[in-house]
Amino acid sequence: MAELVPFILTVDDDPHLISLIESNVRQWGYKHRGATRAADMWRLLKRVIPSVILLDVALGDIDGTTLIPEISQRFPSVPVIVITAHATIETAVRSLKSGAYDFICKPFDFDRLHIEIDKAVRQHRLSLQVEAFQSATRRPDFHGMVGRSEPMRKAYRLIETVAPTDASVLILGETGTGKELAARAIHECSKRSDGPFVAVNAPAIPHELIESALFGHEKGAFTGAHERHIGFCEQADGGTLFLDEICEMDYNVQAKLLRFLEDHVIQRVGAKSSKAVDVRVIAATNRDPAVQIPNNKLREDFYYRLSVVSIELIPLRQRPGDIALLARYLLDLNSAKYGKNMASVSPEAMKMLEACDWPGNVRQLEHLIDQIVITNNATELTADMLPAEIVEGTSKRPAAAMTESDGAITQTIPSIEQMEHDLILRALQLTSNNVPDAARQLGISEATLYRKLKKYGLSRSFVDQHR
Amino acid sequence: MRHDAKTPDSLVNSRTRPALADNPAWARLTAKYLTDLPRQLDSITRILELRDYKKIKTHAHRIKGTSGTYQLETISRGAERLERLADSRNPDRVGTAIKEVKRLIEMETTRLEIQTASSHGEETNRNG
């Protein structure tokens, strides 16, 4: 994002020329910075994005026009005016071909330069407006879900198809794949969008309170029921009730919800009468129903009643083509949120992000970018900002045996050491590489965790970062 | 402003130069630049001893562009001649061109001093 007062960057190997330009540019009401070498220019561009760049062709031994393609790629909205003492058609053509906005010959007249800079500043403002308009109208997201891969497009189409109906929907997908976002998208695309969207995270509610939380209770219905409580099903009247992690719900509660799905009537705990409510139910789970049903974790009848339509959200590692899109989207979002200027991801960093397995899916990437934007003031996300497990390519999905409880079909049995290694990595990812927190999560001492980090060759990066 | 090739440099320059009295920042920067130019010419002389004509061309090219933008057109044209002569790889001719640019720098420095003094005098008269 450019500063409010446009700022002009002059790149010329003669500091005397930079001084003269600066003196004039400041009189015209612009801010100005100068760089006598290409390296200085790149350093400056890491901190701030100018409105216009004045670039000399003869930069010592470097031909300034060779820098234009990279400038244009990194900062497409910034016009580059080439300044040259080689007033030839060839130089002009080369400059414009390489992406320059315009070129001006030395010695130049300052009235002409003033006109050119004003024009370029207007062009820059226009580009920013177009960018803002494009991002508002052609955002890469679908109600907050980001991805252009075929499985994601299929999910969007299914959401749009099912949204106008009142059919129950079951959303399947690993943790962090955006199940709640999909549920919200269905709600927003439905005729219920003006009504409430009530999300219930089953594992977060104590087992003994879940029935009352869902259906409500009357005052005095049980010890501690000092007030009448309106349950989530009733709160969602006229809207959508989203039940997350349904396999974590008590089997009996599932039976009551099944009844509710069939007759749309609730009876608060301790109430003498029942009440009809108009609620659409969307449920989600990160487990495989085919495994959960025989294990008595999910009622078969409840499952069939919920899965009138099933939407599967595939893990991020199965749609690597969406990682770049997501990274840029999240970067824009967080830069705007925190008032930062980070606008791009370096090619090297992007390669590393794309090579990662993202066991925590979109949520993991989201947390990582959030953290990077908060802790850095650069204009570009570079490889050195990434945590060690991404750089070293060790952020892999936990070993197969660890997912057995999720109902995943497994063929191989990993070694105990492999499992420990993976568990440590997982804990570090979940705690954003905070070693003391990870140790707590793993139930071991900090010293033991450091010892194990060393044992698995993970020590240097983590110890350096957190000790 | 375009100029006739036969017009003496001194006259062309006096017409094209902005009124320095009206632009003190420009005058200050020009003085600073003129002070630094002899050092640049000394550097070119040393490079000539090494017969590095490519480097001489680069330096002359820079002086041509910057001095021209400062509207020191006589120096700019002198530097342009030097840049062109570097291609001849003739040390005597290049050396003569360097001396010529040095002479033009001295001339411009004197002119600037006179202009500054006269504008200072006018200012004093206006203020009574």
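**Chain B, overall**

I began by reading chain B along its sequence, where the pattern is α-α-α-α-α, and I counted five helices and zero strands; helices here are DSSP runs of H or I with at least four residues, strands are runs of E with at least two, and both are numbered from the N terminus. I noted that this is a predicted model, in which local features need pLDDT of at least 70 and side-chain atom pairs count only at pLDDT 80 or more, while totals for chains, interfaces and linings use all residues. Residues are numbered from 1 along each chain as its sequence is written, and chains are lettered from A and ligands numbered from 1 in the order in which they are written.

**Helices α2 and α3 of chain B**

I then checked how α2(B) and α3(B) pack, and found an angle of about 160 degrees with the axes 9 Å apart; axes are lines fitted to C-alpha atoms, for helices over the stretch in contact, and angles run from 0 to 180 degrees between N-to-C directions. That angle makes α2(B) roughly antiparallel to α3(B), a label for angles over 145 degrees, where under 35 is roughly parallel, 65 to 115 roughly perpendicular and the rest oblique. On the α2(B) side the contact is made by Gln40(B), Ser43(B), Ile44(B), Ile47(B) and Leu48(B), and on the α3(B) side by Lys55(B), Ile56(B), His59(B) and Ile63(B) (contact means C-beta atoms, placed from the backbone, within 7 Å).

**Where chain B meets chain A**

I found 15 residues of chain B in contact with twelve residues of chain A. On the chain B side, α2 (24-49) and α3 (53-69) each supply at least two residues, and α3(B) gives the most, with eight.

**The five-stranded sheet of chain A**

I traced an open sheet of five strands in chain A, with the order β11-β12-β15-β10-β16 and parallel pairing; strands pair if DSSP finds at least two bridges between them. β11 (197-201) and β16 (309-313) of chain A stand at the edges with a single partner strand each, so one side of each has no neighbour in the sheet. The twist averages 20 degrees from one strand to the next.

**Backbone exceptions in chain A**

Most residues other than glycine have a negative phi, and most peptide bonds are trans, so I looked for exceptions. A cis peptide bond joins Lys106(A) and Pro107(A), with omega about -10 degrees, and Pro107(A) is found in the loop between β7 (102-105) and α5 (110-137) of chain A.

Asn296(A), not a glycine, has a positive phi of about 60 degrees, and its place is in the loop between α11 (289-292) and α12 (300-306) of chain A. Asn361(A) also has a positive phi, near 55 degrees, but lies in helix α15 (residues 361-375) of chain A. Which of these counts as exposed, with 9 C-beta neighbours inside 10 Å? I found that this is Asn296(A), whereas Asn361(A) is buried, with 21 other C-beta atoms within 10 Å.

Terms used: Contact = placed C-beta atoms within 7 Å. Buried ≥ 20, exposed ≤ 12 C-beta atoms within 10 Å, placed from the backbone.
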